[in-house]
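Please look over the sequence and the model first.

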Amino acid sequence: MFLQEFVRAPLRTASVMPSSRALAARMIEPLQRSARDAQDPPVVVELGPGTGSFTAALHDARPDICYLGIELNDTVADHLATRFPCIDLVHGPASSLSRALADRGLVGADLVVSGLPWQAFAGSAGTDLVADIASNLAPSGAYIQFTYSWSRWAPPGRRQHRELQRFFGYVELSTTVWGNLPPAVVYTATEPRWVDVPESDTR
């Protein structure tokens, strides 16, 4: 199914295959660290959950999380809903993040995990999305985004890194996760800050 969706809509599908357990473990590290001291269930938003590699890891690490998934691809979303029948899943674009949280009476997220392709962050819509993620995080929250090692040097990857530095006070880049195909790196962005974004900003 993953390969079919990549062939059908490559700009909307981040990979030809699901992410590995090694990458999933790296993506959920902030949740594992916070679980040691946190008393209340954390609010976790997953953008582009795909077939559920990260979804499964998140629920295994903290079964009581308040989870919200946002998936644009209807075929993938239906598969995810079948695999995880009890999760809260929105069929729609990542830009629906603010409305989805507000509809559920949630003030903000403790963790946002993204499996979105670089195309989702292109142009002014990408700038708006990063700003939206930052503005919907708790002050102590974290935003996690992965990319493939080779693509981080491409123009979309460099642009995304700049955008993360623009909207977050601290951006950490992981070492290469070789246990994924293709090998990947993970950005962990913390200390969210609000920056006014001009409507004409398409950097």
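This is a predicted model: local features need pLDDT of at least 70, side-chain atom pairs count only at pLDDT 80 or more; totals for chains, interfaces and linings use all residues.

Residues are numbered from 1 along each chain as its sequence is written, and side-chain values use heavy atoms, leaving out hydrogens and water.

**Whole chain**
- The protein chain has eight helices and seven strands (DSSP runs numbered from the N terminus: helices are H or I with at least four residues, strands are E with at least two).
- Of its 203 residues, 51% count as buried (buried is under 20% relative accessible area, exposed is over 50%, partly exposed is in between, with a 1.4 Å probe and protein chains only).
- Among contacts with a separation of 6 or more, 68% join residues 24 or more positions apart (contact means heavy atoms within 4.5 Å).
- The chain exposes about 10,000 Å², and carbon and sulfur atoms supply 55% of that area (Shrake-Rupley method, 1.4 Å probe; for residues, only the protein chains shown count as cover).

**The sheet**
- Seven strands form an open, mixed sheet in the order β3-β2-β1-β4-β5-β7-β6 (two strands pair if DSSP finds at least two bridges between them).
- β3 (88-91) and β6 (168-173) stand at the edges; each has a single partner strand, so one side of each lacks a neighbour in the sheet.
- Neighbouring strands are turned by 15 degrees against each other on average, direction ignored (axes are lines fitted to C-alpha atoms, for helices over the stretch in contact; angles run from 0 to 180 degrees between N-to-C directions).
- β2 (residues 66-71) pairs with β3 in the parallel sense over four bridges. Glu71 has His91 in β3 as its bridge partner.

**Helices on the sheet**
- α7 (residues 123-135) packs on the sheet and touches β1 (43-47), β4 (109-114), β5 (137-148), β6 and β7 (184-192). Its direction makes about 140 degrees with that of β5.
- α8 (residues 155-167) also packs on the sheet, touching β5, β6 and β7. Its direction makes about 140 degrees with that of β6.
- The 13 residues of α8 should span 18 Å at 1.5 Å a residue, and its end C-alpha atoms are 19 Å apart, which agrees (the expected span is 1.5 Å times one less than the number of residues).
- Buried residues of α8 include Gly157, Leu164 and Phe167. Their cover includes α7, β5, β6 and β7.

**Cysteines**
- The disulfide count is zero (a disulfide is a pair of cysteine sulfur atoms within 2.5 Å).
- Cys66 is partly exposed at 31% relative accessible area, while Cys86 is exposed at 80%.
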